Protein chains: 2
Amino acid sequence: MRRTKEEAEQTKQAILEAAINVFFERGVAKASLEEVARAAEVTRGAVYWHFKNKVEIFEALHEKLHTPFIEQILEGLEVDHPNPVEQLQHICTTLILALEEDEQLRKAIQLFMFKCDYSGELAFCKNRFNVKKQEKLKAFEAYFEKAQRQQTLPMSADPRMLALSVNCFIRGVVSEYLDSPRQFTLKQDVPPMMQLFFKSILQPAAS
Amino acid sequence: MRRTKEEAEQTKQAILEAAINVFFERGVAKASLEEVARAAEVTRGAVYWHFKNKVEIFEALHEKLHTPFIEQILEGLEVDHPNPVEQLQHICTTLILALEEDEQLRKAIQLFMFKCDYSGELAFCKNRFNVKKQEKLKAFEAYFEKAQRQQTLPMSADPRMLALSVNCFIRGVVSEYLDSPRQFTLKQDVPPMMQLFFKSILQPAAS
DNA sequence: GACAGCATACATACAAGAACGTATCTTTAT
DNA sequence: ATAAAGATACGTTCTTGTATGTATGCTGTC
């Protein structure tokens, strides 16, 4: 039962889509390809036709879902803004708030954060992941350096340290929210939290 | 070959110790009890004698390693301190810095954070963990409320929001560090980061 | 205080199922 | 016709849980 090329591509996407859900519900390690196949309404034969094994599926998912996230941060650097730090605050806040509406994105990030472990087969995935993170950190730094050039951030500030802090804080917020969403409401709690955090950056050091 | 009670307790601890390493290297899901047994230099018989299954081992590890962490925070509340917020900053900083020296603790936390997924069998573990987290959050809040009573924190501050922020920031720092330790040096980077963060709390709101 | 009898602390053996990867069909586009 | 796109079938490996074996520590009893 050979399908047309379009149909084949459709089933491939269906498999990826199904993989998100199955990985999400059963965890990457415990999810079997049989389950993925069933969820996509095909057999394991189809899965093995399109992908070499589970790892390859995982990689495909990562490529598809994680990449666009970082690009948004990089784009903000291109735009001219009178106060880059406030701009960064705004971008970060927006990105986090987006989680509330996009369930698929939520699932995906939860996958990469909690539903898999990067030992063994997935170890090299972690490396690729870290490369992306370095880019992100450099982008954060760039915001602060830009702000220093524009005199909206004192020269005494340490861009690298600020970038690290922002990165940690964001990761913490996202982790905590995805870990137990009932803990706080994004729309209500995140803006003041971000406000609090960035306030300390914008105000020159005291005491 | 029955052992004395002390010896039995020793092997139990040896199994837990071994489990940390095996879980860490292979991931919780993929680690087999056979591997754990070998690492502890016993057979699966011993493992099944002391524990019902892998989940019970996991729980035991959590009980053993995660609990003392929280208690330290609670203890600080008992002590009298002129400035509870600074006290909290100091406690948190110390706790994080401890990671640099205690490899076993590092491994354990990495386990709970990255090397397992809480789907399926471990789902209810997550619930128990969340209960603990609630306690922790309440403790954080208590610090801030205490500070308000002692007039070292403005009444306009929102203890719950501050507690959430602290919790997120700490989680972020710990996550980032354990995820890629080469990214920053605890001793050098964490104190200023914490300083930056808590500064925004201690200084009354502006702008 | 010694010894029978039992519980303990494991080791070994076994059965059953899951999951994987591959090899072999089937059908149908191209 | 032939190769793509899958389905089906098969053998193997891992792992799990349990059942059973066994040597030894402990405990009460006389």
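Predicted model: local features only at pLDDT ≥ 70, side-chain atom pairs only at ≥ 80, totals over all residues.
A residue counts as buried here when its relative accessible area is under 20%.

**The fold of chain A**

- Chain A has 10 helices and 0 strands, so reading the elements from the N terminus simply gives α-α-α-α-α-α-α-α-α-α.
- Along the principal axes, the C-alpha atoms of chain A take up a box of roughly 70 × 35 × 30 Å.

**Where chain A meets chain B**

- The contact involves 49 residues of chain A and 49 residues of chain B.
- Interface size is often quoted as the accessible area lost when the parts come together. For chain A and chain B that comes to about 4100 Å², with 52% of it on carbon and sulfur atoms.
- On the chain A side, A:Cys168, A:Arg171 and A:Leu196 lose the most area to chain B, and together they make up 13% of what that side buries.
- There are 10 salt bridges across the interface of chain A and chain B. One of them pairs A:Lys133 with B:Asp179, whose closest N and O atoms sit 3.0 Å apart.
- Polar contacts between chain A and chain B come to 20 residue pairs, both residues at pLDDT 80 or more.
- Which elements of chain A give two or more residues to the side that touches chain B? They are helix 1 (5-26), helix 7 (103-114), helix 8 (123-149), helix 9 (159-179) and helix 10 (186-202).
- Helix 9 of chain A gives the most to that side, with 14 residues.
- Sorted by class, the side of chain A that touches chain B has 22 nonpolar, 13 polar and 14 charged residues.

**Aromatic rings**

- Over all chains, the count is 18 aromatic pairs.
- Why is the pair of A:Phe169 and A:Phe197 called stacked? Their planes are at 10 degrees, with the ring centres 4.5 Å apart, and planes under 30 degrees apart count as stacked.
- A:Phe169 lies in helix 9 of chain A and A:Phe197 in helix 10 of chain A, so this pair ties together parts that are 28 residues apart in sequence.
- A:Phe169 and A:Phe197 are both buried.
- In chain B, the rings of B:Tyr177 and B:Phe184 make a tilted pair, at 6.0 Å centre to centre and 45 degrees between the planes. B:Tyr177 and B:Phe184 are buried too.
- Ring pairs also link residues from chain A and chain B into a cluster: A:Phe169, A:Phe197, A:Phe198, B:Phe169, B:Phe197 and B:Phe198. The stacked A:Phe169 and A:Phe197 pair therefore has both its residues in this cluster.

**A glutamine in helix 7**

- A:Gln110 lies in helix 7 of chain A, one of the helices that give two or more residues to the side touching chain B.
- Is A:Gln110 buried or exposed? Its relative accessibility is 12%, and the limit for buried is under 20%, so A:Gln110 counts as buried.
- Setting aside neighbours within four places in sequence, A:Gln110 is in contact with A:Phe24, A:Lys115 and A:Leu178.

Technical notes. Residues numbered from 1 in each chain as written. Chains lettered and ligands numbered in written order. Heavy atoms only, no water. Contact = heavy atoms within 4.5 Å. Buried area = accessible area lost by both parts, 1.4 Å probe. Salt bridge = Lys/Arg side-chain N within 4 Å of Asp/Glu carboxyl O. Polar contact = N/O pair within 3.5 Å; in protein donor to acceptor, adjacent residues only side chain to side chain. Helix = DSSP H or I, 4+ residues; strand = E, 2+ residues; numbered from the N terminus. Nonpolar A, V, L, I, M, F, W, Y, C, P; charged D, E, K, R; others polar. Phe/Tyr/Trp six-rings, centres within 6.5 Å; stacked < 30°, edge-to-face > 60°. Buried < 20%, exposed > 50% of the residue type's maximum accessible area, 1.4 Å probe, protein only.
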